[in-house]
Amino acid sequence: MNNRVDYSRVVRMLEENDVQYETISLCDSFSIIACASGGRLFGPFKDKGESVLWLNAAFLDEEKFSALLADKNWNIGGERFWIAPELAFFVKRRKDFDETYVIQTELDPGKFKL
């Protein structure tokens, strides 16, 4: 998959869809984009060029990207980070693991069923 998505495209798509993000400058002209939705990092981008990490091809099409977000699809690309310890976030009662397992939409807006 060769989805060539650069920094300006990611910013444009996030802004057009009212997705909160922050750009973080790194060393040697590198930067990353931290996305509030799904705990994702996009990039790194050197001199605001193409993302080193894979991004979904929907970033290249406004309608497809909007539909991806509307469907709460988790696979938008980039790097996803989890907050530890995870058990307390995802399971309300340890003895009833299967019945009480949840993933909060603030962490990952995808659709899950266990």
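## A buried serine

Ser31 is buried, with a relative accessible area of 7%. Buried means under 20% relative accessible area, exposed over 50%, and partly exposed in between (1.4 Å probe, protein chains only). Ser31 lies in strand β2, residues 30-35. Leaving out residues up to four places away in sequence, Ser31 touches Tyr7, Thr23, Ile24, Ser25, Leu26, Pro44 and Phe45. Contact here means heavy atoms within 4.5 Å.

This is a predicted model, where local features need pLDDT of at least 70 and side-chain atom pairs count only at pLDDT 80 or more, while totals for chains, interfaces and linings use all residues. Residues are numbered from 1 along each chain as its sequence is written, and side-chain values use heavy atoms, with hydrogens and water left out.

## The chain as a whole

The protein chain has four helices and four strands. Their order from the N terminus is α-β-β-β-α-β-α-α. Helices (H or I, at least four residues) and strands (E, at least two) are DSSP runs, numbered from the N terminus.

Of the 114 residues, 30% are buried. The chain exposes about 7,600 Å², and carbon and sulfur atoms supply 52% of that area. Areas come from the Shrake-Rupley method with a 1.4 Å probe; for residues, only the protein chains shown count as cover. Among contacts with a separation of 6 or more, 45% are between residues 24 or more positions apart.

## The sheet

Four strands form an open sheet in the order β1-β2-β3-β4, with antiparallel pairing. The edge strands are β1 and β4 (79-80), and each pairs on one side only. Two strands pair if DSSP finds at least two bridges between them. Strand β3 (residues 40-46) is joined to β4 by two bridges. Leu41 has Glu79 as its bridge partner in β4. Helix α1 packs on the sheet and touches β1, β2 and β3; its direction makes about 20° with that of β2.

## Salt bridges

The structure holds five salt bridges. Each is a side-chain nitrogen of Lys or Arg within 4 Å of a carboxyl oxygen of Asp or Glu. Glu62 pairs with Arg9, with the closest N and O atoms 3.5 Å apart. This pair links distant parts of the chain: Glu62 is in helix α2 (residues 62-70), Arg9 is in helix α1, and 53 residues separate them. Glu62 is partly exposed at 33%.

Arg12 and Glu16 also meet in a salt bridge, at 3.1 Å, N to O. Both lie in helix α1, four residues apart, about one turn of the helix. Arg12 is partly exposed at 34%, and Glu16 is partly exposed at 46%. Asp96 and Arg93 form another salt bridge, at 3.0 Å, N to O. Asp96 is partly exposed at 28%, and Arg93 is partly exposed at 46%. Salt bridges that share partners join Arg9, Arg12, Glu16 and Glu62 into one network.

## Two more residues

Asn17 sits in the loop between α1 (7-16) and β1 (21-25). Asn17 is partly exposed, at 22%. Beyond its neighbours within four places in sequence, Asn17 contacts Phe65, Ser66 and Leu69. Asn17 and Ser66 are 49 residues apart in sequence, and their C-alpha atoms are 6.7 Å apart. Their side chains are joined by a polar contact of 2.8 Å. A polar contact is a pair of N or O atoms within 3.5 Å; within protein, one must be able to donate a hydrogen and the other to accept it, and residues adjacent in sequence count only if both atoms are side-chain atoms.

Leu87 is in helix α3, residues 87-90. Leu87 counts as partly exposed, at 31% relative accessibility.

Conventions
Axes fitted to C-alpha atoms, helices over the stretch in contact; angles between N-to-C directions.
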